Amino acid sequence: MELIPSEFRVEKQRADAVLTLSNGQSTRGCFFTAGGSARHAGPERVGDLLNSETGFFPFEVHGTDGNRTVLFNRSHFGMVVVADNEASRDPGYSVAKRHVVSLLLSSGQRVVGAVRVYRPEGRDRLSDWARHPEAFQYVETAEATFIVNMAHIIDVHEVSEP
């Protein structure tokens, strides 16, 4: 018997990442992202997926005993390290004001990197970035691109270029 594919099926790509929970524990695996995005032209990014709704999302955990899909609650992880610099695909990336910052997360981890503020001149301060309505924001370092959960940032301040 041949199965007919569902018209509601959406093909997904895997996006490699390291997910760090709010307690500091990390797990390696991948997100499932769509080939197209309702928010912009091109494929869905991990940042899009995280900001699209609240609650749980599927994540394929790569463990020593094989791979398994786990549902994680968005509100209980502090940050994600993505394999791709997807932040650079934001429209206006090259002209957005860049701030080098130090973030202290609720897990005790500190991240030092650059954030971009997509606002008109005079409204492109770090405080404007901190009040942005999206719960998950990009932080770029020389080594990786992070997506941080704004609810798990304890403090943020500008620092000198490393």
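Modeller: Two strands pair if DSSP finds at least two bridges between them. Strands (E, at least two residues) and helices (H or I, at least four) are DSSP runs, numbered from the N terminus. Residues are numbered from 1 along each chain as its sequence is written, and side-chain values use heavy atoms, with hydrogens and water left out. This is a predicted model: local features need pLDDT of at least 70, side-chain atom pairs count only at pLDDT 80 or more, and totals for chains, interfaces and linings use all residues.

I pick β6, residues 97-105. Buried means under 20% relative accessible area, exposed over 50%, partly exposed in between (1.4 Å probe, protein chains only). Of the 9 residues of β6, 7 are buried, so the strand is largely enclosed by the rest of the structure.

Take its partners next. β6 pairs with β7 in the antiparallel sense, over 8 bridges. Strand β7 covers residues 110-117. V101 has G113 of β7 as its bridge partner. β10 (residues 153-158) also runs antiparallel to β6, joined to it by 5 bridges. There, L105 is the bridge partner of I153.

Now the turn. β6 and β7 form a hairpin, with 4 residues between the two strands. G108 sits in that turn and has a positive phi of about 95°. S107 is in the loop between β6 and β7 too. S107 counts as partly exposed because its relative accessible area is 25%. Its side chain makes a polar contact of 2.9 Å with the side chain of Q109. A polar contact is a pair of N or O atoms within 3.5 Å; within protein, one must be able to donate a hydrogen and the other to accept it, and residues adjacent in sequence count only if both atoms are side-chain atoms.

Not counting residues up to four places away in sequence, S107 touches L21, S22, N23 and G24. Contact here means heavy atoms within 4.5 Å. G24 belongs to the loop between β1 and β2 (26-34). G24 and S107 are 83 residues apart in sequence, yet their C-alpha atoms are 5.0 Å apart. G24 is partly exposed, because its relative accessibility is 29%.

Back in the strand, look at R98. R98 forms a salt bridge with E161, with the closest N and O atoms 2.9 Å apart. A salt bridge is a side-chain nitrogen of Lys or Arg within 4 Å of a carboxyl oxygen of Asp or Glu. This pair links distant parts of the chain: R98 is in β6, E161 is in the segment after β10, and 63 residues separate them. R98 is partly exposed, because its relative accessible area is 40%.

By this rule the model has 9 salt bridges. R45, D48 and D90 are linked in a network of them. Within it, D48 and R45 have their closest N and O atoms 3.4 Å apart, and both residues are buried. D128 and R131 form another salt bridge, at 3.0 Å between the closest N and O atoms. D128 is buried, at 11% relative accessibility, whereas R131 is exposed, at 55%.

E86 lies between β5 (77-82) and β6. E86 is buried but has no salt bridge; R89, the nearest side chain of opposite charge, is 4.6 Å away. The side chain of E86 does make a polar contact with the side chain of Y138, at 2.6 Å. Neighbours within four places in sequence aside, E86 is in contact with R45, V46, G47, Y138 and I147.

Last, the nonpolar packing. A nonpolar core is a set of buried Ala, Val, Leu, Ile, Met, Phe, Trp, Tyr and Cys residues joined through side-chain atoms within 4.5 Å. The largest has 19 residues, and L19, F31, L50, F57 and V80 have the most contacts inside it. Elements giving two or more residues to this core are β1 (12-21), α1 (46-52), β3 (56-63), β5 and β8 (136-140). β1 gives the most, with 4 residues. Apart from this core lies another, of 15 residues, and V101 is among them, as are V117, V139 and A144.

How values were computed:
Lys, Arg positive; Asp, Glu negative; His and termini not counted.
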